[in-house]
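Here are my notes from a pass through this model. Have the viewer open as you read, and jump around as you like.

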Amino acid sequence: MSDLTDSAEWKALKKHFKAISHVHMRDLFNEDSERFEQFSVSLNDILLDYSKNRITNETVKLLMDLMRITNVEKHRARMFAGENVNCTESRPALHVALRNRSNKPVMVNGEDVMPKINAVLSKMRDFSERVRSGRLRGYDGRRIRSIVNIGIGGSDLGPHVVCDAMKPFAQRGLKVHFVSNADATHLVETLKQLEPETTLFIISSKTFTTQETLLNAHSARKWFVDLVGDEKAVAKHFVAVSTNHEATSKFGINPDNVFEFWDWVGGRYSLWSAIGLPIALYIGMDHFEDLLLGAHEMDQHFESAPLEQNMPVILAMLGIWYNNFFDAQSHAVMPYSQYMERLPAYLQQLDMESNGKTIDRQNQRVNYLTGPIIWGQSGTNGQHAFFQLLHQGTKPVPADFLIPALSQNPLGLHHRVLFSNCLAQTKALMLGKKYTEALEEMQGAGSSSEEIDGAIEHKVFEGNKPTNTIIFERLDPKTLGSIMALYEHKVFVQGVVWNINSFDQWGVEYGKVLAGEIQQDLAQPGNVDDHDSSTNGLINYRKGVYFQDVDRRKLD
């Protein structure tokens, strides 16, 4: 039995769950006219309404008791102090230092890391301003018009979600593309849109050994050299975000165009570092620093606000409430903003790679659920795809709804319709529809007794489905930075409560090792038999098809 599930606080929550599990939120709202004021909290222009949750004051108290016995505040202080919170890799997780706009010293092994961080930010500013102004041009003197970021995981998802969300702030005439998949199609279809003379490639790989990234990078380099016919031109069109200067130099990248980051920057937390270079190029360094400022303000809130008024802590505790006591296997994220369409994909990596763990910090297997499955889609598209399951399905799915109060593109009634749909969905999920309400509705529509008998049960909604609503004035770099930091800290808090290391990803590394072995087998003719029968069969099938195709091409 783990200390967590054996604790008095956990047992108190289990007892409370039994008492509250049949209570309907509809009744909680009827009993308390100030429920919204009681269960909402704000920071700057961001408002978190968590009143549409299956909670009471007692629920919150018991969840906060659990937070405190797991030493959330102590672990939070350790992270901000630069201690080795990544215990399996013996290093800090200091993404908060990257956006430390207060510029207070942050010590790692006795060294203040802020001067190095500021130096990289200064280098990013100089480079991005030279590209954006046209002072830095391609090998033939033409301006850079296209940025291609080649990376994977955090080196792709972070900058990608920000660039998509910040399109209104982009420089006119400058386009940004992201290539991550090892499938050649991703690169080939991107290159079809580009002219080599006006394209700048950013190769983002800390070690400059990431297989998928280097595969795409070398193919992009070959495409470029084949078209321009000059190896030396590579130095004008390729830059790197990496620590491996020897490998980047061998690739042909000018040492002055290699941007550094550090081993205490985790991949899924790296957009705040030089990995954010495509952001700085696309929207400008001033806006990139606004993004950092928004994240820093959320950091300060997380570090100083009491737990009961702390946005990341509140989201974390609600997630634990549903994950561990309601047995909710997933959590949905619905941004009612087309600009934030990629946010669910970004949060999938942030949450599932961080807390998809079964071993705790004491190297023991946990006996409770850890990270949920994160999924979602932009509204209102999701309403016509999977909301049916949310409303009337058999699986509990807590959900976050995010929406700006004001649109970047005011056009007729569009935003009013969007906003009303967002609020209507959270209201419907909470209230549901009673049998008597469905009956009155059908009778009012003139339905016959036979029609009512045949359909009324299908029109009843259980309701009592929990949601959080995050509303903000408008989507700008500062607000986006705060929202992304909010979710980072939520994930961290949940990892602390579950007693797992949120900053490693050994499952990902294992797959890379096996892929290397299989890749060697695929390169050799003849069947293999040194894997399991399924893997052997699949390898041998592909080899048969491949070598037959090679033979056919020889004949052609």
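**Notes on the fold**

1. Let's start in a loop. Threonine 380 sits in the loop that links strand 11 (373-376) to helix 18 (387-392). Bear in mind that this is a predicted model. The peptide bond running from glycine 379 to threonine 380 is cis, its omega being near 10°.

2. Two asparagines also deserve a look. Asparagine 44, in the loop between strand 1 (40-43) and strand 2 (46-49), has a phi near 55°, which is positive although the residue is not glycine. Asparagine 109 has a positive phi too, near 50°, and belongs to the loop between strand 3 (107-108) and strand 4 (111-112). Because its relative accessibility is 79%, and over 50% is the cut-off, asparagine 109 counts as exposed.

3. The largest nonpolar core takes in 116 residues, with Met67 and Met124 having the most contacts inside it. Helix 22 (residues 477-497) supplies the largest share of this core, eleven residues. Leaving aside residues up to four places away in sequence, methionine 67 touches Val72, Leu307, Val313, Ala316, Met317, Ile320, Val493 and Val497.

4. There is also a second, separate core of 23 residues, and Leu194, Trp223, Val228 and Ile253 are among them. As background, nonpolar side chains in soluble globular proteins tend to be buried together.

5. How do helix 6 and helix 15 sit relative to each other? The axes of helix 6 (residues 72-80) and helix 15 (residues 285-304) cross at roughly 140° and come within 10 Å, so the two helices are oblique to each other. On the helix 6 side the contact uses Arg76, Met79 and Phe80, and these meet Asp299, Phe302 and Glu303 of helix 15. Sorted by class, that contact has three nonpolar and three charged residues, with no polar ones.

6. Strand 8 (residues 238-241) pairs with strand 9 over two bridges, in the parallel sense; alanine 240 has valine 258, in strand 9, as its bridge partner.

7. Finally, the helices on that sheet.

Notes
Residues are numbered from 1 along each chain as its sequence is written. This is a predicted model: local features need pLDDT of at least 70, side-chain atom pairs count only at pLDDT 80 or more; totals for chains, interfaces and linings use all residues. Side-chain values use heavy atoms; hydrogens and water are left out. A nonpolar core is a set of buried Ala, Val, Leu, Ile, Met, Phe, Trp, Tyr and Cys residues joined through side-chain atoms within 4.5 Å. Buried means under 20% relative accessible area, exposed over 50%, partly exposed in between (1.4 Å probe, protein chains only). Helices (H or I, at least four residues) and strands (E, at least two) are DSSP runs, numbered from the N terminus. Contact means heavy atoms within 4.5 Å. Axes are lines fitted to C-alpha atoms, for helices over the stretch in contact, and angles run from 0 to 180 degrees between N-to-C directions. Angles under 35 degrees count as roughly parallel, over 145 as roughly antiparallel, 65 to 115 as roughly perpendicular and the rest as oblique. Ala, Val, Leu, Ile, Met, Phe, Trp, Tyr, Cys and Pro count as nonpolar, Asp, Glu, Lys and Arg as charged, and the others, Gly among them, as polar. Two strands pair if DSSP finds at least two bridges between them.
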